[in-house]
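Hi there,

Here is the structure I promised to pass on. My notes follow below it.

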Amino acid sequence: MEEGYVTEDGRKIGGVVMEMKNITLRFGGVVAIKDISFDIRQGEIRAIIGPNGAGKSSMLNVISGFYVPQEGQVFYQGKPRPQMRPYEVARQGIARTFQNIALFEGMSVLDNVMTGRLNYMKTGLFQQAWWKGKAEQEETENREVVEKVIDFLEIQHIRKTPVARLPYGLKKRVELARALAAEPSLLLLDEPMAGMNVEEKEDMSRFILDVNDEFGTTIALIEHDMGVVMDLSDRVVVMDYGKKIGDGTPDEVRNNQDVIDAYLGVAHD
Amino acid sequence: MTPYLGAGPNRDQNRGTAIVRPGRPEREEKKLAQTQSGAAGLQSLPALLERNATEFADQPAYREKEFGIWQAWTWAQAAKEIEALALGLINLGVQEGDFIAIIGRNRPYLYWSMVAAQSVGAIPVPVYNDSAAEEMAYVLDHCGARYVIAEDQEQVDKVLDVQEQLHELKHVIYLDPRGMRKYDHHTLHQYSHVQEQGRAAYDEWITDLNERRGKLTYDSTCVMLYTSGTTGKPKGVVLSNRNVIESAKNSADFDGLTRNEDILSYLPMAWVGDFIFSIGQAYWCGFCVNCPESQDTMMTDLREIGPTYFFAPPRVFEGQLTSVMIRMEDAGNLKRKMFHHFLTHAKKVGGDILDGKPVGLLDRLKYKLGDILVYGPLKDTLGYGRIRVGYTAGEAIGPEIFDFYRSLGINLKQLYGQTEATVFITVQPDGEVRADTVGVPAPDVEIRIDDNGEIHYRSPGVFVEYYKNAESTASTKDPEGWVATGDAGFIEADSGHLRIIDRAKDVGKMASGAMFAPKYVENKLKFYPDILEAVLFGNGKDRCVAFINIDLTAVGNWAERNNIAYASYQELAGHPKVLESIRDHVEEVNKSVAADEMLSGCQVHRFVVLHKELDADDGEMTRTRKVRRRIVEDKFADIITALYDGSEQISTTTEVTYEDGRKGAISATLTIMDAKVAQVAPQQVAAE
């Protein structure tokens, strides 16, 4: 598998982008993640699933560099990743959305999505204030990218609407827009469909597939809804009580006895 | 260009007679002169395009908002784009006489497709983009479309879903490549690639293209449009260049349209009105067609463009008025007081000022002040800051709504038309605008009322035929060219204006022999902002009953203000307070219906507020939002029975179709409401 593989629908998946090696994460006495290893490959949609409290979000936070595991190592693009601050992670081309939406509520959708471009803006405070010249040109260039994302996610009609006024499903989409505006090479989605109705879920699924298809973005997502995950992802990691209990294509995972037990529930010793 | 259908002497001659022939003798000469200029070559859309590309080369022809910016194409650029596409189509193998279906929302590229199709001798067939795959299959199969030009993945998917039923289909062209990468591209082509190939093969095909363009005459088919099908399957209405260009020419003269107009094209491309405004008139006059960014941004785009010539069905005007009123409720005290004060003044004199009637100096000055303080900013917010002529048609518009816009100084008028007439049958001339009539016969249109009240017309816009349906053609259009509209109405003796009563086939008799005209009552009900839709029953019965749909926006807002909690449309629709207020409306309507001696039998005795909105996806309405009476009658037969048998409540289950085509069911227990009926002095039914 080192050279990648070809998915059922004929997409070519490349080599390993990120690799987790024997990750263990503890919060005091609580072990959130126990000795987990897996990899994420170029261009694939990789899902992490599991019941409540399985450690999915902790895992995503490890990937994003927000949590530093006590044991194990994270390799990004072949190199072991040192401890980094969130903005440093963002500069590495990793963008994410949050389970509990983290947007600037009082700002318009456009401004929120523009914040996704901050890494690309070089002008300083004074230049921005003076505005004419460099800052203006820079904003125009970045606005162009942002407008493409707005068009892509079909949120033109709320461009100038303050985020606070939007319904939940749209806020999720705005969050995705902000992440996309950063033109990430790896996109992390934390429960992108939580709390959505069927129609919103279908819309979101289509956008996720389109993002992957159109920009070739590698996507790692956490999701609760098994149906959605199985339809979307190329490979799935299943977690339960901080352990990895399955890893493979949706079909393999679906037939894995441990996974079935975890979801249907058996007594844990 | 002056409107020649003012209060001319000719029209008065016909006072009281059934036939109205417009047009003065001097007009005949003028018309001849123009027809000759038509003979000089302007007999097809490509010919008009060529003229515009030469004469108005640098004028904007199309604008579309994309990526947050209005992108523009001049006539010269548009002509180049269209030519490239036409060459590409020939390159793909399009033959003369092929049908090319065009599916998508209003975009310049799709308008170009229609003209490019005609350039290569093919026939464009715009299809409603919100049709379900099955509906689409019927239309595409009926015309035997060989090519489809679709906007995006969604539309392509629908076509591919039903491609087994489409034996003629050869190639599908799509505009937006998003999500299309993984599709099998043997018969799928991207629009821009087709254009590129066309440009590349310029030398190879240009003689062929010129030859094909040269063969187009005034009688070549310009477009085929499917009727929305209030009854049964849609019919393909074939319109010739003569129909389209003559209609565009006459209507443009009537309102003095010039090449400086700006219009916003947002109504379905498959609808005849959009074809006439955005292609017919746009090409004839050479004005600019502006396409909104997406369906949901229409209101913002309207404001940004500020069209000078605008068309909208009543529901758009209703929606805007409702949102203005709601927002004014939330405004500060001073603003609200000022708004209401000046609006009252506008109501008093605004209409008269617009109509050029004498108004006192003081009132005029106050109106001017109001214009600076209220009307002007309001019009600007609504997007009507520059409007010269506005039309509404399709359904009756509430008199209050109509008067509201007119009083602000917006020249909103009504017209009455049909696909078969290439839109125009009657139009309201400036200065003769009323809410309850649809105006006088449009230029070159003759009107005749039959004994049974059905309206017939004859005009240069009369359609060629229903495609592959000689039987329907013969029953609609007689050998002399008179077309039956299917609407019942009469010409007002004193003004010469046409008044529509209802669909002729819907007009019936009640058990007592009184006239039953459901639309008349339904429209009165629908004029209340919290009633979205109403359906009246009573043909052959002794009394009338009604179904009512509440308007979720208006009633929802009211509920919020009054601290009424609700979880769903169904719950709100069944709320006792809502039912009470609807009952008040029904009773008021009964009073006003009772005043009309001809229709006093149509008062609503009992009614029910339905648990679901009537919807086109469930087949209860057409795509143009007209109620399909028979289907509603069958589907809710149990509720109608309950309305007549005196039950207090009815439990019912209804099948619903979701937007993606899946089916579900909703059940509800509905309370049946009684309404007071106004007394009518016993009298004989007025004989016509």
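Domain bounds here come from an automatic or database domain assignment. On that basis, chain B is divided into domain 1 (8–58 + 72–254), domain 2 (311–503) and domain 3 (508–687). Please keep in mind that this is a predicted model: local features need pLDDT of at least 70, side-chain atom pairs count only at pLDDT 80 or more, and totals for chains, interfaces and linings use all residues. Residues are numbered from 1 along each chain as its sequence is written, while chains are lettered from A and ligands numbered from 1 in the order in which they are written.

The C-alpha centres of domain 2 and domain 3 of chain B lie 25 Å apart. Nine residues of domain 2 of chain B are in contact (C-beta atoms, placed from the backbone, within 7 Å) with eleven residues of domain 3 of chain B.

Beyond its neighbours within four places in sequence, B:Ala145 is in contact with residues including B:Phe99, B:Leu140 and B:Glu168.

Finally, the contact between the chains takes eleven residues from chain B and 13 residues from chain A.

Best wishes

Note on methods:
Two residues are in contact if their C-beta atoms, placed from the backbone, lie within 7 Å.
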